[in-house]
Amino acid sequence: MEGHDLSRELSRFDSALPVDEARTAPASWYVRSEFLDLERARVFRKNWLWAGRTDQVGGPGDYLTGMILGDPYVVVRGEDRRLRAFYNVCRHHAARIANGSGTLESLVCPYHGWTYDLAGKLKSAPHLGAIRCFDREEFGLVPVRVEEWGPFVFVALGDAPRALATDLAPLEPKLERTKVRDLRFVTRREYTLRCNWKVFVDNYLDGGYHVAHLHKGLAGQLDLGSYRTELYDRFSIQSCGAAANSGGGAGADFAERIGDGALYAWIYPNLMINRYGPMMDVNVVVPLAHDRTLVIFDYYFAGEGRDGITSDFVEKSLVASHAVQEEDVSICESVQEGLASPAYDQGRYAPALEHGMYQFHRLLATDLRDER
Ligand SMILES: [Fe+2]
């Protein structure tokens, strides 16, 4: 798509309309690969992004790695206990230095053995004896901004992101109230979907609209009449009470999972924190291509033995959660096919339910048009 064509497609979304008059973001935003290039530059490199869990980097030498839209990062805790992050790219010939997560004493490139200390400084490089005009100080790892918030590590891959702690301040007491601190990471599941990353986010932000139709098992356990969405500057919170008779019926597996109700927090652009009963699942939506998305599900539970958590409960919860995910995966993939068809361009928002989705599209439009 030519540049002017791209800006015309951006301008076809009108952020100024009230939700009951607005049309959704055009299908081109989801099916043209040029939009993902723009999102890499103006969304993913301009905002704080979830990068990992603080429990992965608790002590000196602990590290974790990840990749977002081709940007590889490594987060490592130094001997001085300070958390640092770098582009996970060797300054010699660009190889990836660290893999996975774990503990190390220094960062050693597997290609030619260039070795960096935990503060990113180049310590040694084999066979450089005869090199001229080389200043080791200039060849440290490229730093990336990093911050811890609750049980999560965030990175900012570009310049001048907003203040993370300020943006998330109103969310903190709400999560705190649900005793997030008492939960422990248990396991991770990953799903790869044949859809644009925004399709998955949209599905999440429809105010519970799809639950009664798509997730019949889950619907029986929720009091959908109590479903509400609250908007904040950079995040939204959806919440819902548990159904009064949630102990029986087809969805009985869900009953003990839901507890008193559910809280679903979405943080722009690609993070979801789902807190219910004695558990929490955190979803990270990672675009792989304009029509391919990885969603990471990290599951946290209250400690075993407390709140009746047993390995059997964990297993049952994961099975029930997987069933919901399968339903979402198949609907998201069908949406992507529909978006690519000539039958669809822009849809509408259900005013009382889908204002969270409209907020997402407005935030995106602001970033993509570089209006900040
Ligand atoms: Fe769903």
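The stops below cover a metal site and some charged pairs in this predicted model.

**Stop 1: the iron ion**

Select the iron ion, then His-210, His-215 and Asp-328. Which atoms hold the ion? Each histidine gives its NE2 atom, and Asp-328 is listed with two OD donors. These protein donors lie 2.0 to 2.5 Å from the iron ion.

Now turn the view to judge the geometry. The angles among the four donor atoms run from 56 to 155°. The site is classed as irregular.

Next, look along the chain. The donors of the iron ion follow the spacing H-x4-H-x112-D. His-210 sits in the loop between α6 (197-204) and α7 (211-214), while Asp-328 belongs to helix α10 (residues 311-340), so this pair ties together parts that are 118 residues apart in sequence. Are His-210 and Asp-328 buried or exposed? Both His-210 and Asp-328 are buried.

**Stop 2: a pair in helix α1**

Move on to the charged side chains. Side chains of opposite charge can pair when their charged atoms come close. This structure holds 17 salt bridges.

Select Arg-8 and Asp-5. Their closest N and O atoms are 3.0 Å apart, and they form a salt bridge. Both lie in helix α1 (residues 3-11), three residues apart, so about one helical turn separates them. Arg-8 is partly exposed, at 48% relative accessible area. Asp-5 counts as buried because its relative accessibility, 19%, is under the 20% cut-off.

**Stop 3: Arg-12 and Glu-9**

Arg-12 is partly exposed, with a relative accessible area of 31%. Glu-9 counts as buried, at 6%.

**Stop 4: a link between strands**

Select Arg-77 and Glu-148. Here the closest N and O atoms of the salt bridge are 3.3 Å apart. Arg-77 lies in strand β3 (residues 71-77) and Glu-148 in strand β9 (residues 143-149), so the pair ties together parts that are 71 residues apart in sequence. Glu-148 is partly exposed, with a relative accessible area of 42%.

How values were computed:
Residues are numbered from 1 along each chain as its sequence is written. This is a predicted model: local features need pLDDT of at least 70, side-chain atom pairs count only at pLDDT 80 or more; totals for chains, interfaces and linings use all residues. Side-chain values use heavy atoms; hydrogens and water are left out. A salt bridge is a side-chain nitrogen of Lys or Arg within 4 Å of a carboxyl oxygen of Asp or Glu. Helices (H or I, at least four residues) and strands (E, at least two) are DSSP runs, numbered from the N terminus. Buried means under 20% relative accessible area, exposed over 50%, partly exposed in between (1.4 Å probe, protein chains only). Donors are N, O and S atoms within 2.8 Å of the metal (3.2 Å for Na, K and Ca); water is not among the atoms, so sites may look incomplete. Four donors count as tetrahedral if all angles lie between 85 and 135 degrees; four count as square planar and six as octahedral if opposite donors are over 155 degrees apart and all others between 65 and 115; anything else is irregular.
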